[in-house]
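The tour below moves from one selection to the next.

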Amino acid sequence: MELRVLAYFLAVAREENFTRAAEQLHVTQPTLSRQIADLEQELGVKLFVRSSHHVVLTQDGMILKRRAQEILSLADKTKRDFLRGDETVEGVISIGSGEFLSTRLLTDGMAQFREKHPRVRFEIYSGNAGNIRERMERGLLDVGLMAEPIDVRKYHFLMMPVKEQWGALVREDSPLAKKELLRPQDLMDIPLICAMGEFMESNVAKWLGEYAAQVQIIAKGNLLYNEAMLAQSNIGAVIGIRLSCHYDGLRFIPFSPALTNETALVWKKEQIFSAAVTSFLDFAEKYLKSISNDKK
(Lines give C-alpha, C1' and ligand atoms only; values in the text may rest on other atoms or scores of the structure.)
Protein backbone atom coordinates (compact mmCIF):
# COMPACT_ATOMS: atom_id res chain seq x y z
CA MET A 1 0.00 0.00 0.00
CA GLU A 2 1.70 3.18 -1.21
CA LEU A 3 1.31 6.66 0.26
CA ARG A 4 0.57 7.95 -3.22
CA VAL A 5 -2.36 5.57 -3.62
CA LEU A 6 -3.73 6.55 -0.20
CA ALA A 7 -3.58 10.18 -1.31
CA TYR A 8 -5.47 9.21 -4.47
CA PHE A 9 -8.10 7.43 -2.37
CA LEU A 10 -8.56 10.47 -0.10
CA ALA A 11 -8.92 12.76 -3.11
CA VAL A 12 -11.75 10.61 -4.49
CA ALA A 13 -13.37 10.48 -1.04
CA ARG A 14 -13.19 14.26 -0.77
CA GLU A 15 -14.41 15.08 -4.27
CA GLU A 16 -16.96 12.20 -4.43
CA ASN A 17 -16.18 12.09 -8.13
CA PHE A 18 -13.39 10.31 -10.04
CA THR A 19 -13.17 12.90 -12.81
CA ARG A 20 -12.78 15.88 -10.45
CA ALA A 21 -10.30 13.97 -8.29
CA ALA A 22 -8.25 13.02 -11.35
CA GLU A 23 -8.12 16.66 -12.48
CA GLN A 24 -7.00 17.75 -9.03
CA LEU A 25 -4.33 15.04 -8.92
CA HIS A 26 -3.18 15.68 -12.51
CA VAL A 27 -3.70 12.05 -13.55
CA THR A 28 -6.08 10.52 -16.07
CA GLN A 29 -9.43 9.23 -14.88
CA PRO A 30 -8.73 5.64 -16.07
CA THR A 31 -5.40 5.66 -14.20
CA LEU A 32 -7.10 6.81 -11.01
CA SER A 33 -9.90 4.25 -11.37
CA ARG A 34 -7.35 1.48 -11.86
CA GLN A 35 -5.36 2.55 -8.79
CA ILE A 36 -8.50 2.50 -6.62
CA ALA A 37 -9.58 -0.87 -8.06
CA ASP A 38 -6.12 -2.28 -7.28
CA LEU A 39 -6.37 -0.90 -3.73
CA GLU A 40 -9.79 -2.53 -3.26
CA GLN A 41 -8.39 -5.83 -4.52
CA GLU A 42 -5.37 -5.56 -2.22
CA LEU A 43 -7.60 -4.93 0.83
CA GLY A 44 -10.32 -7.33 -0.26
CA VAL A 45 -13.14 -4.82 0.29
CA LYS A 46 -15.24 -2.33 -1.63
CA LEU A 47 -14.31 1.23 -0.74
CA PHE A 48 -16.92 3.14 -2.77
CA VAL A 49 -20.50 2.76 -3.90
CA ARG A 50 -20.50 4.04 -7.47
CA SER A 51 -23.28 5.75 -9.42
CA SER A 52 -23.31 7.53 -12.77
CA HIS A 53 -22.55 10.96 -11.25
CA HIS A 54 -20.80 10.46 -7.92
CA VAL A 55 -19.34 7.95 -5.46
CA VAL A 56 -19.77 7.59 -1.71
CA LEU A 57 -17.70 5.74 0.84
CA THR A 58 -18.74 2.32 2.09
CA GLN A 59 -18.36 1.46 5.77
CA ASP A 60 -14.96 -0.05 4.97
CA GLY A 61 -14.12 3.09 2.99
CA MET A 62 -14.87 5.26 6.03
CA ILE A 63 -12.53 3.15 8.15
CA LEU A 64 -9.76 3.42 5.55
CA LYS A 65 -10.31 7.19 5.27
CA ARG A 66 -9.54 7.64 8.98
CA ARG A 67 -6.51 5.37 8.79
CA ALA A 68 -5.23 6.97 5.57
CA GLN A 69 -5.48 10.45 7.10
CA GLU A 70 -3.49 9.27 10.11
CA ILE A 71 -0.86 7.55 7.94
CA LEU A 72 -0.35 10.53 5.62
CA SER A 73 -0.32 12.94 8.56
CA LEU A 74 2.39 10.89 10.26
CA ALA A 75 4.39 10.66 7.02
CA ASP A 76 4.10 14.42 6.56
CA LYS A 77 5.19 15.08 10.16
CA THR A 78 8.17 12.74 9.71
CA LYS A 79 9.20 14.68 6.61
CA ARG A 80 8.89 17.99 8.48
CA ASP A 81 11.01 16.66 11.35
CA PHE A 82 13.87 15.96 8.94
CA LEU A 83 13.46 19.41 7.37
CA ARG A 84 14.00 21.28 10.63
CA GLY A 85 17.07 23.44 10.48
CA ASP A 86 17.56 22.71 6.79
CA GLU A 87 18.62 25.96 5.14
CA THR A 88 18.58 24.46 1.66
CA VAL A 89 14.79 24.48 1.31
CA GLU A 90 13.99 25.68 -2.20
CA GLY A 91 11.19 25.74 -4.71
CA VAL A 92 8.16 27.78 -5.73
CA ILE A 93 5.24 28.53 -3.40
CA SER A 94 2.04 29.63 -5.15
CA ILE A 95 -0.21 31.85 -3.03
CA GLY A 96 -3.57 33.37 -3.87
CA SER A 97 -4.83 36.41 -1.99
CA GLY A 98 -7.76 38.73 -1.96
CA GLU A 99 -7.33 42.40 -1.14
CA PHE A 100 -7.28 42.70 2.67
CA LEU A 101 -5.57 44.51 5.52
CA SER A 102 -4.39 41.04 6.52
CA THR A 103 -2.51 40.76 3.22
CA ARG A 104 0.25 42.86 4.82
CA LEU A 105 0.66 40.26 7.55
CA LEU A 106 0.96 37.61 4.87
CA THR A 107 3.57 39.51 2.87
CA ASP A 108 5.56 40.37 6.01
CA GLY A 109 5.57 36.67 6.86
CA MET A 110 6.68 35.79 3.34
CA ALA A 111 9.58 38.24 3.67
CA GLN A 112 10.69 36.73 6.99
CA PHE A 113 10.41 33.20 5.62
CA ARG A 114 12.54 34.07 2.62
CA GLU A 115 15.24 35.52 4.90
CA LYS A 116 15.55 32.01 6.34
CA HIS A 117 15.19 30.26 2.98
CA PRO A 118 16.55 32.56 0.25
CA ARG A 119 16.23 29.90 -2.46
CA VAL A 120 12.45 29.89 -2.18
CA ARG A 121 10.46 31.86 -4.76
CA PHE A 122 6.85 33.02 -4.64
CA GLU A 123 4.08 33.24 -7.21
CA ILE A 124 1.22 35.55 -6.20
CA TYR A 125 -2.25 35.40 -7.70
CA SER A 126 -4.75 38.17 -6.87
CA GLY A 127 -8.45 37.37 -6.97
CA ASN A 128 -11.63 36.89 -4.99
CA ALA A 129 -12.49 33.83 -2.88
CA GLY A 130 -14.19 32.04 -5.78
CA ASN A 131 -11.18 32.48 -8.07
CA ILE A 132 -8.76 31.32 -5.39
CA ARG A 133 -10.81 28.26 -4.39
CA GLU A 134 -11.10 27.22 -8.03
CA ARG A 135 -7.36 27.50 -8.60
CA MET A 136 -6.58 25.57 -5.42
CA GLU A 137 -8.96 22.81 -6.52
CA ARG A 138 -7.14 22.65 -9.85
CA GLY A 139 -3.77 22.43 -8.09
CA LEU A 140 -2.60 25.82 -9.43
CA LEU A 141 -2.30 27.38 -5.97
CA ASP A 142 -0.81 25.89 -2.80
CA VAL A 143 -2.28 28.33 -0.29
CA GLY A 144 -4.98 30.99 -0.33
CA LEU A 145 -5.79 34.01 1.82
CA MET A 146 -9.54 34.50 1.77
CA ALA A 147 -12.45 35.77 3.81
CA GLU A 148 -14.75 33.60 5.88
CA PRO A 149 -16.70 31.38 5.68
CA ILE A 150 -14.21 28.53 5.23
CA ASP A 151 -15.32 25.03 4.24
CA VAL A 152 -13.71 23.12 7.11
CA ARG A 153 -14.57 19.80 5.44
CA LYS A 154 -12.12 20.51 2.62
CA TYR A 155 -9.55 22.94 4.06
CA HIS A 156 -7.11 23.40 6.88
CA PHE A 157 -6.80 27.04 7.92
CA LEU A 158 -4.99 29.58 10.07
CA MET A 159 -7.04 32.60 11.16
CA MET A 160 -5.43 35.98 10.53
CA PRO A 161 -5.21 38.14 13.69
CA VAL A 162 -6.88 41.24 12.19
CA LYS A 163 -10.49 42.13 11.42
CA GLU A 164 -11.50 43.63 8.08
CA GLN A 165 -13.73 46.73 8.38
CA TRP A 166 -16.50 47.40 5.86
CA GLY A 167 -17.58 50.77 4.56
CA ALA A 168 -17.82 52.81 1.38
CA LEU A 169 -15.36 54.71 -0.81
CA VAL A 170 -17.05 57.95 -1.86
CA ARG A 171 -15.94 61.02 -3.75
CA GLU A 172 -14.84 63.92 -1.55
CA ASP A 173 -17.42 66.16 -3.22
CA SER A 174 -20.25 63.71 -2.41
CA PRO A 175 -22.76 64.57 0.35
CA LEU A 176 -21.79 61.24 1.95
CA ALA A 177 -18.20 62.46 2.41
CA LYS A 178 -19.37 64.81 5.20
CA LYS A 179 -20.44 61.86 7.35
CA GLU A 180 -18.20 60.09 9.87
CA LEU A 181 -20.23 56.86 9.68
CA LEU A 182 -22.70 55.45 7.16
CA ARG A 183 -26.01 53.93 8.18
CA PRO A 184 -28.01 51.61 5.87
CA GLN A 185 -30.52 54.35 5.04
CA ASP A 186 -27.70 56.66 3.91
CA LEU A 187 -27.13 54.42 0.88
CA MET A 188 -30.66 54.74 -0.48
CA ASP A 189 -30.77 56.40 -3.93
CA ILE A 190 -26.93 56.20 -4.18
CA PRO A 191 -25.52 54.24 -7.17
CA LEU A 192 -23.36 51.50 -5.67
CA ILE A 193 -20.41 49.46 -6.92
CA CYS A 194 -19.83 46.15 -5.14
CA ALA A 195 -17.90 42.90 -5.35
CA MET A 196 -18.83 40.08 -7.69
CA GLY A 197 -21.27 37.50 -6.37
CA GLU A 198 -24.83 37.23 -5.18
CA PHE A 199 -25.39 40.55 -3.45
CA MET A 200 -28.58 39.55 -1.63
CA GLU A 201 -26.70 36.66 0.03
CA SER A 202 -23.77 38.82 1.13
CA ASN A 203 -22.92 40.16 4.59
CA VAL A 204 -23.51 43.67 3.28
CA ALA A 205 -27.07 42.77 2.29
CA LYS A 206 -27.66 41.40 5.80
CA TRP A 207 -26.26 44.62 7.24
CA LEU A 208 -28.61 46.67 5.04
CA GLY A 209 -31.54 44.68 6.35
CA GLU A 210 -34.88 46.04 5.14
CA TYR A 211 -33.08 48.42 2.77
CA ALA A 212 -31.23 45.69 0.85
CA ALA A 213 -33.88 45.33 -1.84
CA GLN A 214 -33.96 49.08 -2.46
CA VAL A 215 -30.28 49.85 -3.13
CA GLN A 216 -29.04 50.49 -6.68
CA ILE A 217 -26.20 48.14 -7.69
CA ILE A 218 -24.98 49.67 -10.96
CA ALA A 219 -21.61 47.87 -11.29
CA LYS A 220 -19.67 44.92 -9.90
CA GLY A 221 -15.98 44.07 -9.86
CA ASN A 222 -13.46 41.74 -8.24
CA LEU A 223 -10.53 44.13 -7.60
CA LEU A 224 -10.85 47.34 -5.64
CA TYR A 225 -8.49 49.35 -7.86
CA ASN A 226 -10.83 49.13 -10.85
CA GLU A 227 -13.86 49.81 -8.67
CA ALA A 228 -12.12 52.89 -7.22
CA MET A 229 -11.52 54.19 -10.74
CA LEU A 230 -15.28 53.97 -11.34
CA ALA A 231 -15.89 55.98 -8.17
CA GLN A 232 -13.35 58.59 -9.26
CA SER A 233 -15.26 58.86 -12.54
CA ASN A 234 -18.38 59.66 -10.47
CA ILE A 235 -20.26 56.49 -11.43
CA GLY A 236 -21.07 55.54 -7.85
CA ALA A 237 -19.83 54.74 -4.34
CA VAL A 238 -17.79 51.58 -3.77
CA ILE A 239 -18.85 49.10 -1.09
CA GLY A 240 -15.78 47.33 0.27
CA ILE A 241 -13.29 46.93 3.10
CA ARG A 242 -10.75 49.43 4.36
CA LEU A 243 -7.32 48.93 2.80
CA SER A 244 -3.92 50.52 3.34
CA CYS A 245 -4.35 52.41 0.08
CA HIS A 246 -5.08 56.02 -0.86
CA TYR A 247 -7.13 56.96 -3.89
CA ASP A 248 -7.05 60.61 -4.91
CA GLY A 249 -10.38 62.33 -4.45
CA LEU A 250 -11.95 59.44 -2.52
CA ARG A 251 -12.69 58.98 1.18
CA PHE A 252 -13.44 55.75 3.06
CA ILE A 253 -16.34 55.95 5.53
CA PRO A 254 -17.04 52.99 7.88
CA PHE A 255 -20.47 51.44 8.33
CA SER A 256 -22.56 51.90 11.49
CA PRO A 257 -23.37 49.57 13.10
CA ALA A 258 -19.88 48.27 12.40
CA LEU A 259 -19.56 45.42 9.90
CA THR A 260 -16.39 43.32 10.07
CA ASN A 261 -15.22 39.94 8.91
CA GLU A 262 -12.19 37.71 9.40
CA THR A 263 -9.79 36.16 6.94
CA ALA A 264 -7.79 32.94 6.99
CA LEU A 265 -4.84 31.32 5.29
CA VAL A 266 -6.23 28.06 3.87
CA TRP A 267 -4.95 24.97 2.10
CA LYS A 268 -6.52 21.70 0.99
CA LYS A 269 -6.76 18.75 3.32
CA GLU A 270 -4.95 15.55 2.36
CA GLN A 271 -2.82 17.53 -0.07
CA ILE A 272 0.78 16.39 -0.50
CA PHE A 273 2.98 19.49 -0.66
CA SER A 274 6.57 20.19 -1.59
CA ALA A 275 9.16 20.69 1.13
CA ALA A 276 9.04 24.45 0.50
CA VAL A 277 5.26 24.68 0.99
CA THR A 278 5.35 22.39 4.04
CA SER A 279 8.07 24.54 5.63
CA PHE A 280 6.14 27.72 4.84
CA LEU A 281 2.94 26.41 6.46
CA ASP A 282 4.88 25.41 9.59
CA PHE A 283 6.47 28.86 9.68
CA ALA A 284 3.13 30.62 9.07
CA GLU A 285 1.50 28.86 12.02
CA LYS A 286 4.24 30.01 14.41
CA TYR A 287 4.41 33.49 12.87
CA LEU A 288 0.68 34.17 13.14
CA LYS A 289 0.53 32.73 16.66
CA SER A 290 3.29 35.12 17.75
CA ILE A 291 1.36 38.07 16.34
CA SER A 292 -1.83 36.95 18.09
CA ASN A 293 0.04 36.67 21.39
CA ASP A 294 1.48 40.18 20.93
CA LYS A 295 -2.04 41.56 20.52
CA LYS A 296 -3.26 40.06 23.81
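Select Asn 234, which sits in the loop between α8 (224–232) and β9 (237–241). Helices here are DSSP runs of H or I with at least four residues, strands are runs of E with at least two, and both are numbered from the N terminus. Asn 234 has a positive phi of about 65 degrees although it is not a glycine. Its relative accessible area is 55%, so Asn 234 is exposed. Exposed means over 50% relative accessible area, buried means under 20%, and partly exposed covers what lies in between, with a 1.4 Å probe and protein chains only.

This is a predicted model, in which local features need pLDDT of at least 70 and side-chain atom pairs count only at pLDDT 80 or more, while totals for chains, interfaces and linings use all residues. Residues are numbered from 1 along each chain as its sequence is written, and side-chain values use heavy atoms, with hydrogens and water left out.

Next, select His 26, in the loop between α2 (18–25) and α3 (29–43). His 26 is not a glycine, yet its phi is positive, at about 65 degrees. His 26 counts as exposed, because its relative accessibility is 57%.

**Two cis peptide bonds**

Go to Pro 149, in the loop between β5 (143–147) and β6 (155–171). The peptide bond that leads from Glu 148 into Pro 149 is cis, and its omega is near 5 degrees. Then move to Pro 257, in the loop between β10 (250–254) and β11 (260–268). There the bond from Ser 256 to Pro 257 is cis, with omega near 0 degrees.

**A buried loop residue**

Is Thr 58 buried or exposed? Thr 58 lies in the loop between β2 (55–57) and α4 (59–83), and Thr 58 is buried because its relative accessible area is 15%. To see what surrounds Thr 58, show Lys 46, Leu 47, Phe 48 and Val 49, which Thr 58 touches when residues up to four places away in sequence are not counted. Contact means heavy atoms within 4.5 Å.

Select Arg 4 in helix α1 (residues 3–15). With a relative accessibility of 35%, Arg 4 counts as partly exposed. A C-alpha to C-alpha distance drawn from Arg 4 to Asp 60 reads 19 Å, across 56 residues of sequence.

**Strand β3**

Select Ile 95 in strand β3 (residues 91–97). Ile 95 counts as buried because its relative accessibility is 0%. Leaving out residues up to four places away in sequence, the residues that Ile 95 touches include Leu 106, Met 110, Phe 122, Tyr 125, Val 143 and Phe 280.

**The cavity**

Rolling a probe the size of a water molecule over the atoms shows where empty space is left. How many cavities of 30 Å³ or more does a search of the whole structure find? The search finds one. A cavity is a set of points, on a 1 Å grid over the protein atoms alone, where a 1.4 Å probe fits but cannot get out; lining residues have an atom within 4 Å of a point. Grid points are joined across faces, edges and corners, and a volume is the space filled by probe spheres set on the points.

The largest cavity holds about 60 Å³ of space. To display its lining, select Leu 105, Leu 106, Gly 109, Met 110, Met 160, Leu 265, Phe 280, Phe 283, Ala 284, Tyr 287 and Leu 288. Two or more of these lining residues come from each of α5 (102–116) and α9 (275–295). The most come from α9, which gives five.

Stay on Leu 288, in helix α9. Leu 288 is buried, since its relative accessible area is 5%. Leu 288 touches Leu 158, Met 159, Met 160 and Pro 161, not counting residues up to four places away in sequence. From Leu 288 to Glu 115, 173 residues apart along the chain, the C-alpha atoms are separated by 17 Å.

**The whole protein**

Zoom out to finish. The protein has nine helices and eleven strands, and its C-alpha atoms fill a box of roughly 70 × 50 × 35 Å along the principal axes. Of its 296 residues, 43% count as buried.

How values were computed. 1 Å grid on protein atoms, 1.4 Å probe; cavity = no way out; pocket = protein on both sides within 12 Å on 5 of 7 lines; lining within 4 Å.
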